[in-house]
Amino acid sequence: MYETLEIEIAGGVATVWMNRPAVHNAFNAQLIADLTAACCALEADDAVRVVVLAGRGKSFSAGADLNWMKAAATSGAEENLADARRLAAMLSTLAEMAKPTLARVHGAALGGGMGLASACDICIAAEAAVFATSEVRFGIIPSAISPYVIRAIGARQAGRYFQSGERIGATRAREIGLAHEVVAAEALDAKVDEVVAALLQGGPQAQAAAKDLIRAVVHQPLGDEVAEDTARRIAALRATAEAREGLDAFLAKRPAAWIPQ
């Protein structure tokens, strides 16, 4: 179905494998289009509860394909703008999914690859994983990925790495907020499975509302407006069938209906 992806769905979990291992899953127009379409399809699939993004071969994603970048360098302004818009739309589609998203990062996650890891809700990295916003070394900037990277590591850290292009090891990535967990390569899948299992315990409607809550509250000044908004959000959820099922399941000491059996 997709030229550059393999998608496995089991037990409510969709694993999206970027499948261009010969070029370390570097971005080109087709991969961008495939990821956009896959995110839209999985968002619409009620059987999918959690989306895991991963890479085949030695790397998660090494960023932009060099041949794609060379073509862009010889393209006109309008064509370059259209390409940039498609990349921005793909990242936005991933970041704004209502379902939990998790990046399984090994090897290189450079440029756009670091952007993908940042756009996901959760990032689990192998100890040997390496991140970078290396665009300045090519005379460009990490523009499309910047909202997601800055959200993950903050403006102060971005100010360093956007300008230096330094490689960021997995331990450092965890220190600055990019990676949530760092584990040995042989433990990577087990840690992903552990976090996914925790995600599957949550109500899907509540998880979507939690993501929306964060977007609504972040950077807002504390005050009556935020207090009223958050009160209305929890009041609305308390009246839902999902909330009633969650409470009933807890009181009856049984799994909630949304937990895969």
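Modeller: Before we start, two residues touch, or are in contact, when they have heavy atoms within 4.5 Å of each other. Keep in mind that this is a predicted model.

Colleague: Fine, let's start with Lys99. Which residues does Lys99 touch, not counting residues up to four places away in sequence?
Modeller: Lys99 sits in the loop between helix 3 (77-95) and strand 4. A polar atom of its side chain lies 3.3 Å from the backbone oxygen of Glu43, so Glu43 is within the 4.5 Å limit for a contact. With Glu43 included, Lys99 touches Leu42, Glu43, Ala44, Asp45, Asp46, Val48, Arg49, Asp121 and Lys211.

Colleague: Is Lys99 buried or exposed?
Modeller: The relative accessible area of Lys99 is 12%. Buried means under 20%, so Lys99 counts as buried.

Colleague: What area is buried between domain 1 and domain 2?
Modeller: In contact terms, 11 residues of domain 1 meet seven residues of domain 2. Carbon and sulfur atoms give 37% of the area buried between the two domains. That area is about 580 Å².

Colleague: And how many salt bridges does the rule find across the interface of domain 1 and domain 2?
Modeller: Side chains of opposite charge can pair when their charged atoms come close. Seven residue pairs are in polar contact across the interface of domain 1 and domain 2. The side of domain 1 that touches domain 2 has six nonpolar residues, one polar and four charged. As for salt bridges across that interface, the rule finds one.

Colleague: Let's move to Arg104. With which side chain does Arg104 make a polar contact at 2.7 Å?
Modeller: Arg104 belongs to strand 4 (residues 101-105) and is buried, with a relative accessible area of 12%. Among the residues it touches are Trp17, Phe60, Leu188, Asp189 and Val192. The polar contact at 2.7 Å is with the side chain of Asp189.

Colleague: Which backbone oxygen does the side chain of Asn25 reach?
Modeller: Asn25 is in the loop between strand 2 and helix 1. Its relative accessible area is 0%, so Asn25 is buried. Its contacts beyond four places in sequence include Met18, Arg56, Ser59 and Phe60. At 2.9 Å, the side chain of Asn25 reaches the backbone oxygen of Ser59.

Colleague: Is His219 buried or exposed?
Modeller: His24 has a relative accessible area of 32%, which makes it partly exposed. Exposed means over 50%, so at 78% His219 counts as exposed.

Colleague: How far apart in space are Arg167 and Asp46, C-alpha to C-alpha?
Modeller: Arg167 is in the loop between helix 5 (146-164) and strand 8 (168-169), and it is exposed at 58%. Beyond four places in sequence, its contacts are Leu110, Val130, Phe131 and Ala132. Along the sequence, Arg167 and Asp46 are 121 residues apart, and in space the separation is 39 Å.

Colleague: Last one: with which residue does Glu245 form a salt bridge?
Modeller: A search of the whole structure finds 13 salt bridges. Glu245 is buried at 19% relative accessibility, and its closest N and O pair is 2.7 Å apart. The partner of Glu245 is Arg254.

Key. Residues numbered from 1 in each chain as written. Predicted model: local features only at pLDDT ≥ 70, side-chain atom pairs only at ≥ 80, totals over all residues. Heavy atoms only, no water. Buried area = accessible area lost by both parts, 1.4 Å probe. Salt bridge = Lys/Arg side-chain N within 4 Å of Asp/Glu carboxyl O. Polar contact = N/O pair within 3.5 Å; in protein donor to acceptor, adjacent residues only side chain to side chain. Nonpolar A, V, L, I, M, F, W, Y, C, P; charged D, E, K, R; others polar. Helix = DSSP H or I, 4+ residues; strand = E, 2+ residues; numbered from the N terminus. Buried < 20%, exposed > 50% of the residue type's maximum accessible area, 1.4 Å probe, protein only.
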